[in-house]
Amino acid sequence: MIESTSRQADVLVIGGGIHGLSTALHLARAGVKVTLLEAEYCGRHASGVNAGGVRTLGRHIPEIPLSLSSSALWHELPALLGDDASFVPSGQLKVAENLDELQACRQRVLQLQALGFHHEQLLDQQQVRERLPAMARHVTGGIWVEGDGYAQPFKAVTAFRLAAQNLGVHIHEGTPAQGIEQVGNQWQVSTLAGRFCAEHLVVTAGAWAADLATQVGEAVPLHPEGLMLMVTHRVAPFCQPVLGATGRALSFKQFANGTLVIGGKLIGSLDFPARHGEVDMARLGTSARTVTDLFPHLRHLAVNRVWAGVEAFTADDLPVIGSSRKASNLSYSFGFCGSGFQMGPGTGKRLAQLILGEHSDIDLEAFAIDRFTRATPAPIIQPAPSIVQH
């Protein structure tokens, strides 16, 4: 039986990934009464089954301010959550495998410096070898970010969940949202467990968010994909930083127990109605070959397990973050295109600031939900008075 007190809230969040939980946490820290609905269990898909990269490196330009602010929060998680969420600040390196790729890296760093961003640093061949002596000799250099790292996704999601619950957030798993409707000054969300109500609604439902947005007339060109990962058997320590590649898809790291996690937006098969990603072993093999090209000594290392989750991709490879342009007191955060895990803490904080009417220097206009359809800038629906803080 669902508690009647959790059916009515100040803010109702749909989606129990790291973005929904972070938003709920930051709102609860401000004294807001929050209820969160999750269709399966928290961290079931994109947030819990990704490669765990906490990456500012290589972000799209519009994402950088938000990603950097989120990076600061990752480094402060013990104070925020009472838990480090398994975050390891290992640094991250994106390697170049030829001179053309090294020149592309150089141009990227110069572009960011011209925009006032200095977190990405160019490394030459010798500097790469000093950090990774086992690296193949053909690597010519790369880009390094000192403050990046990795975490174990499900542990991180669980840390946010527990911190949110400790602040009074009501979380209902196995409770998919079937319909949303604004009636007067209340949002009503229908589920098989009954109806939930709140003054403000936040949609952070990943690959299923577009269906909810369509119900209020805000269509988004979004498509789901099944993303895959694999973990190898243990091997002696040789790689401390997270590793990516300039010319190939790769996300690679070695955990303290010696296992290697290999990913990099590896697209598998998908049964979307069943909410299930399928593993494609042939495509995983391509990524495995990238790893052995970079680290030849791993050629005979066996894979221990593989898995897949469901992620949402937008037409322009940028997420949807911010207020609805057609309804009041409705906010979105979804469509992170396989790269949203690192941005979860910062996006949740920024969205909470937006809902509370607080100032932030981080502009969300590049992520507006109407950017795909508008010919000219559309007026933003002004929210009702800020959420009451208890």
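What radius of gyration would a compact globule with 390 residues have, and what does the protein chain have? Please go on from there to the aromatic pairs.

Reply: This is a predicted model, in which local features need pLDDT of at least 70 and side-chain atom pairs count only at pLDDT 80 or more, while totals for chains use all residues. Residues are numbered from 1 along each chain as its sequence is written, and side-chain values use heavy atoms, with hydrogens and water left out.

With 390 residues, a compact globule would have a radius of gyration near 21 Å, and the protein chain, at 21 Å, agrees with this; the radius is taken over C-alpha atoms, and the globule rule is 2.2 Å times the number of residues to the power 0.38.

The structure holds nine aromatic pairs, where rings of Phe, Tyr and Trp (its six-membered ring) pair if their centres lie within 6.5 Å, planes under 30 degrees apart counting as stacked, over 60 as edge-to-face and the rest as tilted. One of them joins Phe-252 and Phe-295, which are stacked at 5.4 Å centre to centre with 20° between the planes. This pair links distant parts of the chain, 43 residues apart, since Phe-252 lies in strand S14 (residues 251–254) and Phe-295 in the loop between helix H8 (281–294) and strand S18 (303–314); helices (H or I, at least four residues) and strands (E, at least two) are DSSP runs, numbered from the N terminus. Phe-252 counts as buried because its relative accessibility is 0%, and Phe-295 is buried with a relative accessible area of 1%, where buried means under 20%, exposed over 50% and partly exposed in between (1.4 Å probe, protein chains only). The pair of Tyr-332 and Phe-334 is edge-to-face, because the ring centres are 5.8 Å apart and the planes stand at 80°, and both residues are buried. Ring pairs also link Trp-74, Phe-87 and Phe-341 into a cluster.
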